[in-house]
Amino acid sequence: MGAKRALIVDDSKSARLFLARVLENYEIDVDSAESAEAAIDYLGSNRPDVIFMDHMMPGMDGLQAVQAIKNDPRTATIPIMMYTSQEGELYLGQARALGAVGVLPKQIKPADVSKVLYQLHLVPDRRSAEQSSFTALNTRVEGLAGEPVAGMSSKALTETALREHFAELRRALVAGVDTQTDRITAEVRALLLEALPPPQPGEVPRRATPPWPWVVACAALAIALLSSALWWRSVKLLEGVKVEIAQLREHQLTQAVAAAAPVSGQQTPLPAGAPQSPDSKPMIVPVPYGAEALGGARLEVIRQLLYRLVRQKVAGVVDIRSFAGRFCLVGSALDGYSLAPEETAFSKCDVVGNPSDEALSSAQRTPLALANLIGEIRASTHGALEVQVSAGDPANVLSPYPAASAELTAGEWNRAAGANSRIEIRVR
C-alpha cells in the first residue's frame, strides 16, 4: 500500500466497504469510522490525508463533524469531501461554508473518486478523457442507461451527421484557402509588375531588384485578407453546423422519449402548451431493474421537459412519481441480488421485490443532480413552475402480476415487473 491515508466516516458498512475498495485501487491506506464521534476520537492521534464524510448519520451529523474538525487547529488543514443525497443549493453552500472542499452524490462512482484524489494531489493524473458525473458537460440522451431502446439509432444518426458536417467543413476550408491563395498571389504579382520601371529602348533587360517596402506591404495585405476570408467562412460554416447539431439533438431527444414508452402505448405525449389536467394520462418512462429511477437518461428526459416548459413560460406543478417493480431475484443481501434467469421457476426466487429501491429513504430518492435542477428551475421561474418528487403507490400497477403457480417462470413474472417499474410525469 502507499504512503497516503484516507478516513471514511459513514454509518453504513456496505458504503464504507465500497469506497474503501475504490481507494485501495489507488494504493491509499484506508481507515473507517461508523460515526462522527468515532472519527473525532480517531483524529486525536491520527492525521489522514483526506476525509470522506457522509452527511446523514445518527448522533452528530456530517455537517456538525466538519465544523468540529475545522475548528480544531490540529485537524483544520485536512481536506474533507462530503457525499450526500440532500437536495441542492442550500446544502452545498452550508458544506462549503463550514470548510468542506466539495460535495459528491451519495452514489459515488470510481471516476468521481479519481478526480477528487487528483485534485487533492494524492495520486498522479491517471484520468481518461471521459467526463464523470462530477462535471456534467453537454449531456446527451443515449438511450436509457442499459436499456435496449431506440436511442442507439439516434446516437448513430448524430455521429454520422457530425462526421459528414465536419468533412464538408474541412473540404470547404481547403477549397477556400486554395481559391483565396490563387487570387491574392495574382494580385500581388500584378502590383509588383506595376511597381517596376519600364525598360529603356535598346536597353538589355536585366533582372531588377524588387522594391522591398512594396513586397512587405503586399505580403502583409495578402496575409490579412487570407486570414479574414478564412475566419469569416469558418464562422459561417460553424454556425450552420451548430444549428443542425441542435436540430439533431432535439430529434434525438424526441426519439428517446418516444422509445421510453411501453409497446402497449401507455405514454401520452405532453402537450406543447397548457399544462395537463390531473385526470390526463402522464408521460411514462420505464426504469430497468437496478437503474437509478431519477438518474441517467431519465434525468435527461426530465431536464429537457423542464427546460421546454420554462421556454414556453408554463406555470404550474410538474409531478414526478417513481414506481418500483417487484422483481423475481436470486442472490443474497451480502453478495447482492440479480434478476433470476427467465426459465427459473418462480418458486425458486430468493426475493420478490426491489431491495435497492426499498432501502432508499425519502431524501435519497432525489439524486443530487435532480435536486440542483429543481432549484435552478424554481429560481429561473421565480416559483411559477414547481417540481414535486414522490414515490408512487406500489399497488398502482400497469401490468397485473401473474398468479403464482407451479408452471410460472421468473421470466413471465419479471416481464410484468418491468412494465410496472417506471416513473410517471404529469404537468398540472
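Arg422 lies over the face of Phe323, with 4.0 Å to the ring centre, where a charge counts as sitting over a ring if NZ of Lys or CZ of Arg is within 6 Å of the ring centre and within 35 degrees of the ring normal. Arg326 is placed over the face of Tyr401, at 5.7 Å from the ring centre. The model is predicted, so that local features need pLDDT of at least 70 and side-chain atom pairs count only at pLDDT 80 or more, while totals for chains, interfaces and linings use all residues. Residues are numbered from 1 along each chain as its sequence is written, and side-chain values use heavy atoms, with hydrogens and water left out.

A search of the whole structure finds three aromatic pairs; rings of Phe, Tyr and Trp (its six-membered ring) pair if their centres lie within 6.5 Å, and planes under 30 degrees apart count as stacked, over 60 as edge-to-face and the rest as tilted. One of these pairs is formed by Phe346 and Trp413, which is tilted, with 4.6 Å centre to centre and 35° between the planes. This pair links distant parts of the chain, since Phe346 is in the loop between strand E9 (336-339) and strand E10 (351-353), whereas Trp413 is in helix H11 (residues 410-420), 67 residues apart. Helices (H or I, at least four residues) and strands (E, at least two) are DSSP runs, numbered from the N terminus.

Tyr401 and Trp413 form a stacked pair, at 4.7 Å centre to centre and 25° between the planes. Trp413 counts as buried because its relative accessibility is 7%, buried meaning under 20% relative accessible area, exposed over 50% and partly exposed in between (1.4 Å probe, protein chains only).
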